Amino acid sequence: MTTIIEIKNLQVTFPDDGGPVHAVRGVDLTLNQGETLALVGESGSGKSVTTHALLNILPKDAQVSADKLQFNGQDLLGLSQRDINQIRGSKISLIFQDPLSALNPTMRIGKQIGEALRFHAHVRGTALKQAVHAEIEAVGLPDPQLIARKYPHELSGGQRQRVMIAIALIAHPQVLIADEPTTALDVTLQAKIIALIKAQKQQRDLSIIFITHDLGVVANIADRVAIMYAGQIVEVGTAEEIFYNPQHPYTWGLLDSVPDPDSQRETLFTLPGNPPDPHEELVGDAFAPRNPYALAIDFQEEPPLTQVSTTHFVRSWLLDPQAPAYEPPASIRERWAIYQQDQREVPTHG
Ligand SMILES: Nc1ncnc2c1ncn2[C@@H]1O[C@H](COP(=O)(O)OP(=O)(O)OP(=O)(O)O)[C@@H](O)[C@H]1O
């Protein structure tokens, strides 16, 4: 498996009148060739800041440090702004949550889609026009010539998001970072945009980081899932491990807050409390005050990362060999039962 992006111990702090804001507190993350990695957590957990650090698009006053921040084995932290600009848009592209504010209201759609190709590949004239029209078609928009002449406000929300995808993909990047690309859309449109991203991934052999606060959204697209809380990854695993063998109480809460059409539950679970103030210096486990399963040690010491399988890692004291026995919520026990059943059904060789 080829690693495309490797992040080790990423820390990002912003200066602020109320004291430094600790947005990212030691993130380790890898993206492998051809996979979709979902980065999931509540608002403010540091998902966007993590990927913006990668692309060097944080505000100038951000303090960024990392033991490793690499793209295809190349160190991104040491690169000049010019070299980073070459990578951004052509090798790594970003789709933002809100196309209306990301698009230029005064520029025709066609010109905006063509920009990356003009800038990175110096394509001009008829070739550029043809490439733009082909890209508009590829993202499922009708009548490319008409769409290219329109301005952003003349399109619907779903059409604008397709335009954002065309802008991100036209220069044939290796990596697509999709930051909450469906949040502003209704459920039907969400499903269509996810299907489009999935299809484009397959056609173009993309690797994707898909950012969302909603675990339900990524069930159909993610190969692996990383759960982020208060600037740290608290659990990471394959989609199957996160959905059916989750080990961190925060992941349990996120799973329980996803609407389940088959469930008998009448009201949806909402995680009690709020994430910690990012100004705070944290002691122990950042999730402890909201965690009904917290142990005394959670309020004193940061939990170590425990390996559950070759692909599954969890940052929780519950997995310590000395932790007392505990029983997760019934909804999670049901998931575990399905997982164990699936494991038994996997044929063993040898
Ligand atoms: N320029 C900035 N100056 C100060 N604090 C910032 C800045 N950008 C982000 N932050 C803070 O960093 C923390 C992480 O923000 P980030 O945008 O990465 O969260 P997120 O998980 O992507 O959530 P959301 O879905 O709301 O964007 C938040 O507390 C946020 O307020």
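**Strand β8 and its neighbours**

I looked up the bridge partner of Ser93 in β8 and found Leu176. Strands here are DSSP E runs of at least two residues, helices are H or I runs of at least four, and both are numbered from the N terminus. The model is predicted: local features need pLDDT of at least 70, side-chain atom pairs count only at pLDDT 80 or more, and totals for chains, interfaces and linings use all residues. Residues are numbered from 1 along each chain as its sequence is written.

I then checked the pairing of β7 (residues 92-95) with β8, and it is parallel, over four bridges. Two strands pair if DSSP finds at least two bridges between them. On to β9 (residues 207-212): β8 pairs with β9 in the parallel sense too, over five bridges. Leu176 has Ile208 as its bridge partner in β9.

β8, helix α8 (residues 187-204) and β9 make a right-handed β-α-β unit. Right-handed means that, with the strands pointing away from the viewer, the path from the first strand over the helix to the second runs clockwise.

How buried is β8? Five of the five residues in 175-179 are buried, so the strand is largely enclosed by the rest of the structure. My cut-offs: buried means 20 or more other C-beta atoms within 10 Å of the residue's own, exposed means 12 or fewer, partly exposed is in between, and C-beta atoms are placed from the backbone. I sorted β8 by face: Val175, Ile177 and Asp179 are buried on one side, Leu176 and Ala178 on the other.

**Helix α1**

Asn56 follows α1 and has a positive phi, near 55 degrees.

**Domains**

I noted domain 1 (1-91 + 174-350) and domain 2 (100-172), with bounds from an automatic or database domain assignment. Their centres, taken over C-alpha atoms, are 31 Å apart. The contact takes 13 residues from domain 1 and 14 residues from domain 2; contact means C-beta atoms, placed from the backbone, within 7 Å. On the domain 1 side, α8 gives the largest share, seven residues.

**Record**

I checked UniProt, where an unreviewed entry places "domain: ABC transporter" at residues 5-255. Such annotations may be inferred rather than shown by experiment. In the model, this span is 40% helix and 25% strand, and its end C-alpha atoms lie 27 Å apart.

Key
Two residues are in contact if their C-beta atoms, placed from the backbone, lie within 7 Å.
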